[in-house]
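Please keep the structure in view while reading.

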Amino acid sequence: MLAQSSPALQAGAISNPIDQQSIMRFQHQLHGDLIQPGDATYEQARRVWNGMIDRRPRLIARCRGVGDVALAIAFANQHGLRVAVRGGGHNVAGNAVCDDGLVIDLSLMQDVQVDPVARTVRVEAGATIGMVDRATQPYGLAAPTGNVSETGIAGLTLGGGLSWLRRKVGMNIDSLLSAEVVTADGRSLTASATENADLFWAIRGGGGNFGVVTEFTFRLYPIGPEVMFVAVMYPYAQVRQVLQSWRAFTAAAPEEVSSDALIWRIPPAPLFPAHTHGEAVVGVAAMYTGPVDEGMRVLQPLRTMGAPLIDMSGPMPYLAAQSAFDPLFPAHQQRYYWKSLYLDNLDRQLIDTLLNWAEASPSPQLFIPIRHLGGAISRVAEEATAVSNRLAPYLLSIDMTWVDPADDARNVEWTQACWRDLQRFSTGGVYLNFAGMGEEGKKLAESAHGANYRRLATLKNKYDPTNFFRLNQNIKPQG
Ligand SMILES: Cc1cc2nc3c(=O)[nH]c(=O)nc-3n(C[C@H](O)[C@H](O)[C@H](O)COP(=O)(O)OP(=O)(O)OC[C@H]3O[C@@H](n4cnc5c(N)ncnc54)[C@H](O)[C@@H]3O)c2cc1C
């Protein structure tokens, strides 16, 4: 089995022993909790969403506020501890937890404050996207968040952020107004267009490389309370016809529509009729972010691309659509390895190659979403934020999922081989939020950031010259 532990630990780098008195002092100073091996909450606190990750940190500092984060950074600096930062703990690579080091855990920092007049929301960095949606919807407002409600807003935003609002309002970072960041030297900085603008640029897509973000402020948009949402599954026998029709639909779709095509197998979940369990399907999911009646009309072609096996589409509360996929991605119970690539088209050769791979999947739980991008995402200049590949029309993600640890190596290797083979159809980029375990190191960061990589490395020098924040999709300081 591939129990995923930190590369540094595998290489034998064990941090210095810490005297008990220092730990007690640290514990006393923290407003939050300090958790150590042997504590009643340790086993639960070290778990992350991906059941494949099994790491044992020396300490977990559950912070309450900026002061605690600065204290934890100082403690780690003083004792030479490697540091992992945990937002929602949902990242597939499991970088939110490390062997032997210190986890700066933000899960006690989940406050969400809406200003309905200014149409902004302030979010503490331990909140999930569901918490943000639930706080904003009573005002008929929404921030761009994501598709599964338990995902952390922090990691998702720092990697760019793709939601059902993406084609209308862009990536999550395009609606970020400011952030509070604690840097490696313990300073607490505001990052916005007018304060520390270079840091603001870097955190919009540069991941956790530049400091611990303790709070985000986002712009809000009028959405809901009801939206038109499409979730329709066609038998796999119709896969070519549906993918071609979906491609034609996306070519003319208005920006109010964000849609995904999905290749997968219906799981035995109560959400789906029993007779469909285990069926291979091609699905289409979409949200219309304008008036419901208009959405019903505009999205109708997605429901008639073949003879549906299941059609769960209809007007529904925005909050219901935002959590519609939740049951498919349970925490801890399954093992996940996901890898993505941007595509500049969906031609027949790509579809044939993709289907050949999908049909040979070693796991029946393979899930392949193809997200339609463009719209507002592509109107932001490549150099305006740290993410790249903004002009790509599609993002394909190979979401491999399985249960038995004995299948780890086979599933990971298969996903990597499929991803490598599909590179010939790619624009060459990878989306940081679906990046496997980051095996490609610098190459991965370069492909995610394109021409922005060089500036990021320079800013890493300025804000984190010792690479203190390195358990992430790492950008090494220049030189
Ligand atoms: C089921 C599921 C659905 C998803 N859906 C979407 C989607 O719709 N759209 C999308 O864009 N992505 C999606 N993702 C990917 C998701 O955005 C990333 O996995 C993201 O890293 C999760 O953020 P987190 O805070 O939960 O992660 P964590 O595992 O807590 O953190 C991931 C990394 O982010 C950094 N980090 C986290 N918090 C902070 C912080 N406060 N300050 C500094 N660095 C920090 C750290 O480097 C950390 O290792 C999904 C993932 C899953 C598992």
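This is a predicted model: local features need pLDDT of at least 70, side-chain atom pairs count only at pLDDT 80 or more; totals for chains, interfaces and linings use all residues.

**A helix pair and a sheet**

Helices α12 and α14 are roughly antiparallel to each other, a description that follows because angles over 145 degrees count as such. Helix α12 comprises residues 348-359 and helix α14 residues 408-422, and the two pack at an angle of about 170°, with their axes 11 Å apart. On the α12 side the contact is made by T353, L354 and W357, while α14 contributes C418, D421 and L422. Sorted by class, this contact has 4 nonpolar residues, 1 polar residue and 1 charged residue.

The sheet is an open one of 5 strands, arranged in the order β5-β6-β10-β8-β9 with antiparallel pairing. Its edges are formed by β5 (112-115) and β9 (188-192), each of which pairs on one side only. From one strand to the next, the twist averages 15°.

Within this sheet, strand β8 (residues 176-182) and strand β10 (residues 212-219) run antiparallel and are joined by 6 bridges. A179 has F216 of β10 as its bridge partner. Helix α4 (residues 66-79) packs on the sheet, where it touches β8, β9 and β10, and its direction makes about 45° with that of β8.

Towards the other strands of the order, helix α5 (residues 129-136) lies across β5 and β6 (120-124), and it runs at about 35° to β5.

Methods: Residues are numbered from 1 along each chain as its sequence is written. Two strands pair if DSSP finds at least two bridges between them. Helices (H or I, at least four residues) and strands (E, at least two) are DSSP runs, numbered from the N terminus. Axes are lines fitted to C-alpha atoms, for helices over the stretch in contact, and angles run from 0 to 180 degrees between N-to-C directions. Two residues are in contact if their C-beta atoms, placed from the backbone, lie within 7 Å. Angles under 35 degrees count as roughly parallel, over 145 as roughly antiparallel, 65 to 115 as roughly perpendicular and the rest as oblique. Ala, Val, Leu, Ile, Met, Phe, Trp, Tyr, Cys and Pro count as nonpolar, Asp, Glu, Lys and Arg as charged, and the others, Gly among them, as polar.
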